[in-house]
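Try each task before reading its solution.

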Amino acid sequence: MSEITNNANPTPLERLQSAFRSFGLPRMIIAGMLLVLLIAAPFVGANFWMQITNVINRFTWNGVLVLAMVPMVHSGCGLNFGLPLGIISGLLGATLSLELGFTGPMSFVMAIVLSTPFALVLGAGYGWLLNRIKGGEMMIATYVGFSSVSFMCMMWLLLPYHKADMVWGYAGKGLRTTISLEGYYDQVLAKFLQIRLGDLVIPTGSILFFALLAFLMWAFLHTKTGTAMTAVGSNATFAKAAGINVDKIRLLSVVMSTWLGAIGILVYQQGFGFIQLYMAPFNMALPAVSAILIGGASVNKATITNVVIGTILFQGIVTMTPTVMNNMIHMDISEVLRMVVSNGMILYALTRKTEVTR
């Protein structure tokens with residue numbers, strides 16, 4: 001009887017231990033590192049509130065790209081290393097929006113509208129391919145992502161764009177490597193309802209936009225179709241026996257992930273202020289995959305909480321480490337440190353891909 005009573009009414013220490021186990025030791029260590037960096041920042045001459053702003057900004061830039069992982073994980077398609085297909089869809093929508101002369105907030109809206117058909121078509125083709133090679137999705141997805149980026153390197157030069165501030169001036173054709181969004185949708189979300197408290201700047205619009213998409217994803221996963229998607233990811237044989245069309249559900253999850261990838265790159269662009277083409281999307285899937293794994297997801301289970309925690313931890317470490325270390329040793333090695341830290345965290349996350357968080 002005493003055991004039942006104790007289990008029904010756990011002590012504060014037991015609750016703390018349970019929360020610790022739930023959060024996980026790896027995430028606790030990374031969170032501790034981030035906390036140490038934040039505490040150290042003022043002591044090495046870095047502006048504390050500016051660093052908080054940078055972490056929040058990078059979270060809002062990358063949050064939707066990480067969220068794009070959730071549908072495919074739930075359907076059992078694995079981690080979406082083919083995210084560049086969604087990014088390419090977003091880039092096509094963005095460049096077409098500028099080419100057609102849209103400016104200001106309307107250029108962002110039209111970029112979403114124009115990127116959607118590309119995301120649906122590419123996502124459907126990608127989903128069909130993944131349905132043909134069940135069991136090897138993540139390996140095939142990697143090559144799909146890499147090859148699509150390489151293919152688009154040629155297309156950015158050949159597609160008939162003519163807008164003067166987008167094409168190479170000396171040739172009059174072929175898109176530039178980097179296109180400025182000034183006058184278009186630069187900071188269109190970040191400046192909406194923006195809050196400034198001294199050096200702390202909160203991009204309220206970007207946070208609300210991410211929260212809206214996260215809520216819609218959470219709501220979808222609680223619908224009949226979303227429950228079927230989770231069932232397919234948990235046990236495809238059981239789902240098929242229950243009358244669920246497994247291939248159709250997997251295809252839907254890939255299309256959703258591709259579309260979210262397209263929206264995610266548009267959100268990234270508006271915060272960053274530029275459209276980056278050619279090889280820029282090549283490795284963008286790796287930080288998104290790593291972030292959701294660090295957040296506690298596994299290859300067949302992911303939640304919105306995993307997305308939020310993982311993005312904050314990953315982007316926080318990547319943002320804070322170069323700044324703090326540069327100020328400590330008074331040398332500009334920020335890019336080297338960023339590469340070492342980001343690739344180190346990616347390597348760590350990929351070695352944890354079989355971890356299941358309960």
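**Exercise 1. Find which residues Val324 is in contact with, leaving aside its neighbours within four places in sequence.**

Solution. Bear in mind that this is a predicted model.
- Step 1: locate the residue. Val324 sits in helix H14, which covers residues 304-329.
- Step 2: list the contacts. With neighbours within four places set aside, Val324 touches Leu37, Ala40, Ala41 and Val44.
- Step 3: check a distance in that region. Between Val324 and Gly45 the C-alpha to C-alpha distance is 8.4 Å, although 279 residues separate them in sequence.
- Step 4: classify the residue. The relative accessible area of Val324 is 2%, and the cut-off for buried is under 20%, so Val324 is buried.

**Exercise 2. Work out how the chain as a whole is built and how much of it is buried.**

Solution. 
- Step 1: count the elements. The protein chain has 15 helices and 4 strands.
- Step 2: look at burial. Among its 358 residues, 48% count as buried.
- Step 3: look at sequence separation. Taking contacts in the protein chain with a separation of 6 or more, 76% join residues 24 or more positions apart.

**Exercise 3. Identify the residues that touch the most other members of the largest nonpolar core, then follow Ile275.**

Solution. 
- Step 1: pick out the residues. The core holds 95 residues, and those touching the most other members are Trp156, Leu175, Tyr185, Ile275 and Ile292.
- Step 2: trace Ile275. Beyond its neighbours within four places in sequence, the contacts of Ile275 include Leu91, Ala94 and Leu98. Thr177, Thr178, Ile179, Leu181, Tyr185 and Gln269 are also in contact with Ile275.

**Exercise 4. Describe the largest cavity: its volume, its lining and the class of the lining residues.**

Solution. 
- Step 1: name the lining. Ile87, Leu91, Ile265, Tyr268, Gln269, Phe274, Gln276, Ala280, Pro281 and Met284 line the largest cavity.
- Step 2: assign elements. At least two lining residues come from each of helix H6 (84-99), helix H12 (246-272) and strand E4 (274-276). H12 gives the most, with 3 residues.
- Step 3: sort by class. The lining has 8 nonpolar and 2 polar residues, and no charged ones.

**Exercise 5. Are Leu193 and Tyr278 buried or exposed, and what is the phi of each?**

Solution. 
- Step 1: Most residues other than glycine have a negative phi.
- Step 2: read the angles. Leu193 is not a glycine, yet has a positive phi of about 55°. Tyr278, not a glycine either, has a positive phi of about 55°.
- Step 3: Leu193 belongs to the loop between strand E1 (178-180) and strand E2 (195-197), while Tyr278 is in the loop between E4 and helix H13 (285-294).
- Step 4: apply the cut-offs. Leu193 is exposed because its relative accessible area of 52% is over 50%. Tyr278, at 13%, is under 20% and therefore counts as buried.

Methods:
Residues are numbered from 1 along each chain as its sequence is written. This is a predicted model: local features need pLDDT of at least 70, side-chain atom pairs count only at pLDDT 80 or more; totals for chains, interfaces and linings use all residues. Side-chain values use heavy atoms; hydrogens and water are left out. On a 1 Å grid over the protein atoms alone, a cavity is a set of points where a 1.4 Å probe fits but cannot get out, and a pocket is an open set with protein on both sides within 12 Å along at least five of seven lines; lining residues have an atom within 4 Å of a point. Grid points are joined across faces, edges and corners, and a volume is the space filled by probe spheres set on the points. Ala, Val, Leu, Ile, Met, Phe, Trp, Tyr, Cys and Pro count as nonpolar, Asp, Glu, Lys and Arg as charged, and the others, Gly among them, as polar. A nonpolar core is a set of buried Ala, Val, Leu, Ile, Met, Phe, Trp, Tyr and Cys residues joined through side-chain atoms within 4.5 Å. Buried means under 20% relative accessible area, exposed over 50%, partly exposed in between (1.4 Å probe, protein chains only). Contact means heavy atoms within 4.5 Å.
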